[in-house]
Structure formats: structure tokens, C-alpha cells
Amino acid sequence: MHSPTSSAFLHVKSAGVTAVLGPTNTGKTHHAIERMLSFPSGLIGLPLRLLAREVYNRVVARVGANNVALITGEEKIRPPAPAYWVSTVEAMPRDIKVDFLAIDEIQLAADLDRGHIFTDRLLHWRGQQETLLIGAATMAPIIRELFSNAPIFSRPRLSKLSFAGDRKISRLPPRTAVVAFSAEEVYAIAEWIKRQRGGAAVVLGALSPRTRNAQVELFQSGDVDYVVATDAIGMGLNLDVDYVAFASDRKFDGWRNRRLTPAEFGQIAGRAGRHMADGVFGSTGRCPPFDEELIEALEDHRFDPVTLLQWRNSALDFSSLDALLHTLEQRPTHLRFTRGPIAIDQMTLETVSRDEATRRNTKSPADVARLWDACQIPDYRKTSPAAHVELVRSIFGFIVRRGKIPAEWMAQHIAAVDRVDGDIDTLSHRLAQVRTWSFVSNRSAWLDDAEHWQSRARRVEDSLSDALHERLTQRFVDRRTSVLMRRLRENAMLEAEINAAGDVLVEGQHVGSLQGFRFTPDPGAAGEAAKTLNAAALKALAGEFEARATRVFDAVDDAFALANDGVIRWLGEPLAKITAGAGILSPTCRILADEQLTGAALDKVKQRLDLWLGQHVKKLLGPLEVLEKGEGLEGTTRGVAFQIAEELGVLDRTRVAKEIKAFSQEDRGALRKLGVRFGAYHIYLPLLLKPAPRSLAALLWALHHGGLDHVKGLDEVPHLAASGRTSFTADAEIPKGFYRAAGFRVCGERVVRVDILERLADLIRPAIAYRPGASAGEPPPGAADAEGFVVTVAMTSLTGCSGEAFSSILKSLNYVPAQRPGPAITAPLIPAAATEPLKSDAGTQSIKPGSSPENASIGVVSNAVEIEPSEATETKGENQDAVKEESGEQVEMIEIWTQQRPVHTPTRRPAASHRPRTSQSLGGAGSTEGQHRPRHDGKQTSEDAGPHKKDKPAFEKRPPRGAGNRTPGGSRAFTASPERRDRPPDPNSPFAKLAALKAELEKKGTS
């Protein structure tokens, strides 16, 4: 037997050897396939299982599946009589003879991890007629040296390869392959590209052929424009890549983390440009810039030649375990060979050989060969060296002791990975495990029913591969964006669909929503993905904009609505926003539309909305337009009408108090005919206090006072008004003018509807106008002594609040409270039929309906003496106190409200015609809008009145005699009139009789 490293041996084996060398994209692999098919039989060895599956599919397409076999470590497809064999270099069958044999990527003979296998095939495997060596031009010198008679053919690159410099990933063009050298880095880049560009395919060397092919198809079909890959892309994967971007320049080669060699850079960069299309390469991400020397080498395809090949002795001695180990340790004698690093199979053998049980089981050369075969199982799982050794030991134990691996043991391990749940890492780990069982099942001598286990393992691998492809696509591909990008590139007509909710579907993919004439892309998209969605949508919606404009122009008035935010909506979709016009009652609208709505379509929409808005204002606030024009009105009346219109139908009375005072009845009548009402606090139009007119008025007020975006309460206040609330808590940040435009008035801590405030004035007016002891008839609800009143349920019910909230309303209207003992009315009442104080020879009692008998005595009237109301009040109060003291009853305190007025000294007042007018004349010091003192005839209503009188200053009506003075707090100070202090008491008066009764009771109590 010749030494495998002798020169004579090499020269003998060089017969029929041909080499085809050159850079990437030279068609070398295609040439090898065509050359093989020209022979009756052939075998081609390829560097990757992925590439082997690709070449197998191509050959099957040419000659049929029955004529082609596929042999890899994990997969065997072997028809009964195949003529052609496609295999990985490691799995090339030893027991066949073929006319043609090819070995691809022979430069891998210098690889530290797998180089010794390529060197062995290079030296020892031959076709009967032709052996074709395919690889990089760097192998030419060593091929000439090893095979001196072998012709070498160089194939030039079909396209030009040029350097494009360094670019950010965001600036990489479509049809780019980004290369990294770890799964973590590949995943990170792919996720970034998904966010910015819609997605990327992922190609890793560890992927199953099925997963890899599915990922490559994403790129090849145009579903994605980017592929992120490891250096597996440089090994014969034919992709339509225009640009190769290196995201890193360092890789772990199984022994150390090192920088790529120039030849390795060239192998990967050469994937840019296919056939006659030029290619471009560059750096990106964290990859350092390329130096000029490297750039020139890559562009010119000039690399240092390979000078050493990795070698391991293939002439093994199986006579004993030690003999096998010894032959594996042999070193080469040829200068171009170097002993490669110890491979995983040899390390496993060395480990198990130290196990006593294993040594006992390796008694014969056949047993040693079986052990070596078991050590050939690749460590796909990469869990730990110890775990891999334990697996090999277990399988060898089954084989040597039982002859076969137990079926239940195989079933258990395959079933453990027959699951498709989990993430990418989980599925990848299961695939690595099932690859191990696929490799084991393809050793037919190890199993009873090898084909069954091959089929089962392949089925599990296929299901896991499909699941992994799905997870990779879900994680790294935005399917929606990829579909639309492809359709846009094809410049095809895009089918758009808009559902009832406004969602826009283009080619069945949701791209955003269309509201009115504004398209909003899906917020989940970003970067280039968002641009793609927007471009696809606008292209698909071009006709929709024109059609919508026509439908808007033809729409009936009821199809439009103006919301509280100032947006005009058509069938619920926003079309425009109102803006301030020349006058407060003449707003305009601004169309809300994308720039695609132009020309005649835009004019039609604008024309229709302007017409509707004018009609809408006229429908709800038409009376104000009449007042604004003032037709038929003259002078001051016309001025007041204009102010009412400018204030949107609710005008503070104080602003025009002087003008109203000068009105004639004809002036008032003219305004009443136009719907105007003269209230105690406001001049307003009752018909315009409904929610719809007030909401529009509030919008118009906001337009002229800062704009819709700067006035708070646009939504809250109209909503509260529409809900029927008559009052609610005031918000200090909302302008009072806005509340008034909405039909409300700020009263203390509450906001009260204007008409409710007037109705409240109608309730208070008769209560304070009634004078117990002076006014005839039944007292109205809330009436109290003198000019006071008490709060009634009717008052609080009207405003929908009570307690402190209602008190704040009254205080804002210039009323002040005071506490005193009850009841509210202590003066004697005068029957309605009486026109003067009751007189009787014997005296009579005037009893207020509902009053108690003890109070009835207060109403006794003397025949000869006129009783002043103030005196009666004081006397009754004293009598009640006296009676309650006798009976032990607790005095009930009540709250009396009176209008606040300044304190007057008890001096003689000037005549009414000569008294000076003060602020109190129109409501007292600090009075609010248009407050006036009440009339005392009890006949006045709120129409044409201030709070309590009919256009007549309060000072013209003198208060009742004996009314006394006001304290600074506003309460009544009761004092006797100076004239009465000198008058002798009447022994027949009821007061004298009460005093006598009191004295008599005290006397009895003493005795």
C-alpha cells in the first residue's frame, strides 16, 4: 500500500483530474452540474447540506427523481438505481463507482475544522472517467504541485464587483444581504430592518434545508428586500443580491475569534451581483472601514494562494482501540500538508477509550470500527462535550451488545422533540436534536427498521422547519409591508377596500384608516414601512377622493353635523373645522384634507360646506341675524339690538341699563316682537336658550376669543347644558363670557342657567315685596318680616342645589344672611279683604292660617291705636321668648336673607326728589349686574324688571316706617322711633295685656 502522502501516490491519482478555478459568480457549480449530466453516472460533493439540497432539486428537475440520490449526514433519498448522486463532502458514499466525480469549494481543504475531510476527498476520490475540482483561484499553485498533469481552467467573473464604502443600515438599498457572524447579531439586525424597511429573510448555517429554502424564497420572490445571513451565504447560495454589506469582520472559527481573511471576504462579497449584473459591497453597522489594500484585492479578486492543506490520516488501523488512536495521531510527511486540530470525532474517541466498559466491549476489529462509526455522529446539539460523549457511549453500547438500537429508545427521544410550540431558540434547539436522530436513523445497520425511523425523523424535522420558518417570518418580516412593496415595484393597480369603520385595506392588507379626506397610516408602522403603507394607500385611494368629493357635494343637509370641537362631520367623518369670519355670526370653514384633494374636487367640497354652515347658523341663531341688521329699529333701540346679537343672545342688563331706562313702551314692544325678553339680570332671547343654539353660540364666542384650541370647556359645558342641568360647579379656568355664550351665568361657586336665574328672581321678588302687618292677603312662599325672605324648596329645586352652593348663588346676587329666632313672620297678618287695620269695639284676633293659638294673640288689634309693624314684631318676639322661657322650649334659629345696603344714620332723610343717587340705588354697594331694590306692591314679575322693581330706582320708594337701620353686616337693627318714645302706653293695647298676663304668671310661680 502506498503512503498517502508520497509523491508517486499523488501523481498516480492525478489521472483524469481537471480543475476549474475562479472567483464567485463564474458559473463553476453550474458547469459541474452540466458536466456531470453529460456522463452516464456521476457524483458531486458539496460543502453544505443546504447547497446539496439546492443542487439535488436542480438535477431532479433535469432527469427525474428516480435517477437522483441525495446523501447527507441527516438525510438520504436513495432510489433503487440512481445514476447521479448529490452529497455533502462528508457523506460522499464509498461503495459506488461513477463515471464523473466533482468536489466543490476545494479551498475548504485549508479550513481548520473540516479541512482534513476535503483534503482526503481531493487525494483519494476519483471518477472513472473524470474528476473535476471546483474552487477558488487561490488553489491553483497547490493543485499544480499536487497534480502536475491536471489541467487548470480559469473562469472570469461574469460581472463587475466594486466597493461602495461604509453606509448606515438605514441607507442600504433594496436587494441587500447584510452579513454577520453570530445568530444574536443576525437577529438584532433583522429586527431593526423589520421596523424600518418591512422585514428581512434570515439565513443561518444551522437552518434545515426546508427552513432555509423558505427564507430564501421570501427574498427571491420580493416579499422582502433584505436578507441577513452568516457566512453560509458565501458557500454557493445563489441569491439575486445586488449589495453585500458586512456588519462585522470577525468570526469564531471553532477555535478562536479572528478577523476574516481577504479570501473569506472575497468569497462572501462575491455574492453581490448575479450573472451579468454588477455587484457592490461595503461595510455597515459596527464593521470597521476597509483599508485600500483589502478593497483592491476584493475588486480585482487577487488573494494570497493557499499553501497548506489540513490533513488527517485516512488509512486507519482497526485492529485494536490503541491502534486506531495511534493511526489518527500520525503526522503528514508532505510539505503542503499539516496535521489539523483534533476534530470532535477524535476527541470523543479519546474520551470513551478511557472508559473500562467501552474497552471491554471493543474486543474485535469490527467492534473498534463500530465505535469509530459511533464517534462520527456530529455534535449538532452543542450542549456539552460530556453530553455528546454520553450519547456516543450509549449508542455504541446498544450496537455492540444488542446489535441494534432499541426501538423504544429511539421513539422516546424523537417524541421528546416532536413539538412545534416555543420561540425561535426553542425550535432551533429541537431541530438540532432531531438532526442527531436523523443522522442515527440513516445508519441502516444500527436499526431494525431504518426506513421507518428515517421517515419519522424527517417528518418531525419538516414540521419543526415549517414552525421555525413561521416564527422567523413573524419576528423578522412585516408581511403587510412586504406585500405592498412588491406590488408597488410591479407598478400594478392596487385594490383598495374601505370598511364601515374607515379601515383601509390594500391588497387585503390593513394600511391605516381614512376619515373624510385624511388618511392616517397604521401607527404600528415606522420608517420605510410607514412610507410604504402611505405610498400604497395614496395610490389606491386616488379615485376614492374624487368619488367622495362628489358624494359630499350631493349630500343632504342632515348628513352634516357640527360637533362641540368645531369640526363639521359628514356621516360621522371629519371634513372641515370652523374658523372665525368677518363677523361673529358669519364663520367660515377650513377643509381637513390631504394634499391629494385638489382642484375641482376641493372646490366642490368647500362650496357645499360653506353653504351648509351658513344655513346651520341661520337655522339655530337666525333671530340674532335679524337683530344684528336692526331693520325697523332706530336709535338706541337699534344699538341695544346690535349688542344683543354681538353677545350671541344673552346680554348683561347692566351694560345697557341707562339705555333701557330711556326706552319707551314702543321701543320695548319692538324688541319683544323680535323675541327679546327684559329679565332681571339679562336681556336675552328665550327661544335661543335651547342646547343646540347655545352650543353653536359657545363655539362662535370661542372663535373670536382665542380660538377653539385655547378656550377650555368647549365640550364639557355644552354637554352639561344638553343634559338638562340648571346649574353646576363653576370652573375658574373657563371664561365667564364663554359661560354666558353657552346660556349660563357664574354665581359664586355655581354656574346657573340664565332663564333659571330669572325664574329665581321671580320667586324672591314677591317674598321680599310682601310686608307682614302692612300687606294684605296670604304671604307668598319665603316671605319674612320686613324686606327679608327665607330659602324655600322651590328655590333650591329650581337651581338643583342647596346649602352652601345655593348660598353662594344668593351672595353673588348681593343678598346677605342673618340668623334669628323663628318663625319667619312674627307680625300680625291682614286679611285680603281689609283695606285698613282691623278695628273692633271689643278687639278681634287676626290669625294667620297655620299659626298656633299662642301666636294668634299677636294679631289682637286695639280699637283706638294703630299698630306699627315694627312694634308688633318686637313685641311678638319678646312675648315668644317669654312664653318659651316659661315652657322650657328651645328657640329655633332661622336664616333670613336680605339685600345688602350701606348703613344709614338715624337722621331725617331729604325728600325723595332731592336725595342723591348712589350705587345702592341700583343694587347697593358692590352690587352685581343690574341688581335693583324691589318694589313693595307685590305685583311685579321678571318681565321688564330688574331683580325687584320695574325700571324705577329704589330710592324713590321710601321704606316702611320703623324699619330701622342696617348693621354693617346687613342685618336689621330694630330701634324705637324717637316720636314714640314720648308717647304714654295704652293700657288697652294687646301689648299691655300681654305684659299683665306675664306679670300674673310670674306672681303665681313665686307663690
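Contact here means heavy atoms within 4.5 Å. With that in hand, welcome to a set of close-up views of a predicted model.

**View 1. Helix α14 and the helices that cover its buried residues.** Let us begin with α14, which spans residues 385-402 and so comprises 18 residues in the numbering of DSSP runs. From its first C-alpha to its last the helix reaches 25 Å, close to the 26 Å expected at 1.5 Å a residue. Which residues of α14 are buried? They are His388, Val389, Leu391, Val392, Ile395, Phe396, Gly397, Phe398 and Ile399. The cover over these buried residues includes α11 (344-352), α12 (356-361) and α13 (365-375), and it also includes α15 (407-416) and α16 (424-441).

**View 2. The two ends of α14, with Lys382 and Gly403.** In the loop between α13 and α14 you will find Lys382. This residue has a positive phi of about 55° although it is not a glycine. Is Lys382 buried or exposed? Its relative accessibility is 66%, so Lys382 counts as exposed. Just after α14 comes Gly403, and there phi is positive too, at about 90°.

**View 3. An open parallel sheet of six strands.** Follow the strands across the sheet in the order β9-β16-β13-β10-β12-β11; the pairing is parallel. At the edges stand β9 (161-166) and β11 (201-203), each with a single partner strand, so one side of each is left without a neighbour in the sheet. From one strand to the next, the twist averages 20°.

**View 4. Strands β13 and β16, with helix α9 on the sheet.** Here we zoom in on β13 (residues 243-246) and β16 (residues 279-283), which run parallel and are joined by four bridges.

**View 5. Arg175 in the loop between β9 and β10.** Most residues other than glycine have a negative phi. Arg175 has a positive value, near 65°. This arginine lies in the loop that leads from β9 to β10 (176-179). What is the relative accessible area of Arg175? It is 15%, and the cut-off for buried is under 20%, so Arg175 is buried.

**View 6. The antiparallel pair β33 and β34.** Seven bridges link β33 and β34, which pair in the antiparallel sense. Strand β34 (residues 893-899) is mostly covered, with five of its seven residues buried.

**View 7. The cis peptide bond between Gly822 and Pro823.** Most peptide bonds are trans. The bond that joins Gly822 and Pro823 is cis, with omega about 0°. Where does Pro823 sit? Its place is in the loop between β33 (815-821) and α30 (853-856).

**View 8. The whole chain, for orientation.** Stepping back, the protein chain holds 33 helices and 36 strands. Of its 1007 residues, 50% count as buried. The accessible surface of the chain comes to about 46200 Å², and 52% of that belongs to carbon and sulfur atoms. Among contacts between residues at least 6 apart in sequence, 68% join residues at least 24 apart.

Methods. Residues are numbered from 1 along each chain as its sequence is written. This is a predicted model: local features need pLDDT of at least 70, side-chain atom pairs count only at pLDDT 80 or more; totals for chains, interfaces and linings use all residues. Side-chain values use heavy atoms; hydrogens and water are left out. Two strands pair if DSSP finds at least two bridges between them. Axes are lines fitted to C-alpha atoms, for helices over the stretch in contact, and angles run from 0 to 180 degrees between N-to-C directions. The expected span of a helix is 1.5 Å times one less than its number of residues. Buried means under 20% relative accessible area, exposed over 50%, partly exposed in between (1.4 Å probe, protein chains only). Accessible areas come from the Shrake-Rupley method with a 1.4 Å probe; for residues, only the protein chains shown count as cover.
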